Amino acid sequence: MTPREEYYETLAKSLIPRMEKRNFEACYCKTKEEALQKALSYFKEGDSIGWGGSMTLEEIGLMDYLRTKDHGYVIYDRDTATTPEEKKAMYGKIATCDYFLMSSNAITLDGELVNIDGNGNRVACLCHGPEHVIVIAGLNKVVKTETDAYDRVHNTAAPLNGCRLNTKTPCHVTGSCADCKSPDSMCCQLVTTRLSRGKGRIKVILVGESLGY
């Protein structure tokens, strides 16, 4: 076991009971391959599945698996909607699906999830709607406090996503947050999830690798 692997495993052992006290169902997977299999273990034939934008889901291979193979699930892939009418209908289906998939922009040592969103659809589904939410996050996203979490989402996650999405935002240009009011702002919604109202509704898979932004 490398020092990083030992550190991530120790960190996960500390985080999981704190998350469970917040009614999250949490577990640790050493690798992204294990995380993929853990996520798939939740689904059964006929389940409807949707997701929010996430590099982590792409990196572990979950999106490719769901998009390219027929496993008997009902897939709501927002990228297949092209017109405003199709997008509205798609988001309506995703908001009431059986499983909503996402990552988290940051996780505090006390077990809170901290996320930013532009349109708000991702955090909306996290807060309410889908029967189950599966959050998959590399342990590189763990920070000490909520304040540190917001610093991470503003100055790490947002600039990187600005580059990925080619947004017209100051963070894309300078690499750091300017508290902008840009029409392209990805920080319209800032949400801290400190407790799952339904016990076990939010399932968190912590991964012992550096994943996503």
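Residues are numbered from 1 along each chain as its sequence is written, and side-chain values rest on heavy atoms, with hydrogens and water left out. Because the model is predicted, local features need pLDDT of at least 70 and side-chain atom pairs count only at pLDDT 80 or more, whereas totals for chains, interfaces and linings use all residues.

**R201**

R201 sits in the loop between strand 9 (189-193) and strand 10 (202-207), where strands are DSSP runs of E with at least two residues and helices are runs of H or I with at least four, numbered from the N terminus. R201 is buried and has no salt bridge, the nearest side chain of opposite charge being that of E131, 8.9 Å away. Here buried means under 20% relative accessible area, with over 50% exposed and partly exposed in between (1.4 Å probe, protein chains only); a salt bridge needs a side-chain nitrogen of Lys or Arg within 4 Å of a carboxyl oxygen of Asp or Glu; and Lys and Arg count as positive, Asp and Glu as negative, with His and the chain ends not counted. The side chain of R201 does reach the backbone oxygen of P130 at 3.0 Å. Leaving aside neighbours within four places in sequence, the contacts of R201 (heavy atoms within 4.5 Å) include C125, H128, P130, E131 and S196.

**Aromatic pairs**

The whole structure holds three aromatic pairs, defined by ring centres of Phe, Tyr or Trp (its six-membered ring) within 6.5 Å, with planes under 30 degrees apart stacked, over 60 edge-to-face and the rest tilted. Two of the pairs are tabulated here.

| Pair | Centre to centre | Angle between planes | Type |
|---|---|---|---|
| Y7 and Y8 | 5.5 Å | 35 degrees | tilted |
| F43 and Y99 | 5.2 Å | 70 degrees | edge-to-face |

Since F43 lies in the loop between helix 2 (32-41) and strand 2 (48-51) and Y99 in strand 4 (residues 99-102), the pair ties together parts that are 56 residues apart in sequence. F43 is buried at 8% relative accessibility, and Y99 is buried with a relative accessible area of 8%. F43, Y73 and Y99 form one aromatic cluster.

**D77**

D77, in the loop between strand 3 (74-76) and helix 5 (84-94), is buried with a relative accessible area of 10%. The side chain of D77 makes a polar contact with the side chain of R67 at 3.1 Å, a polar contact being a pair of N or O atoms within 3.5 Å in which, within protein, one must be able to donate a hydrogen and the other to accept it, residues adjacent in sequence counting only if both atoms are side-chain atoms. A polar atom of the D77 side chain also lies 3.0 Å from the backbone nitrogen of D79.
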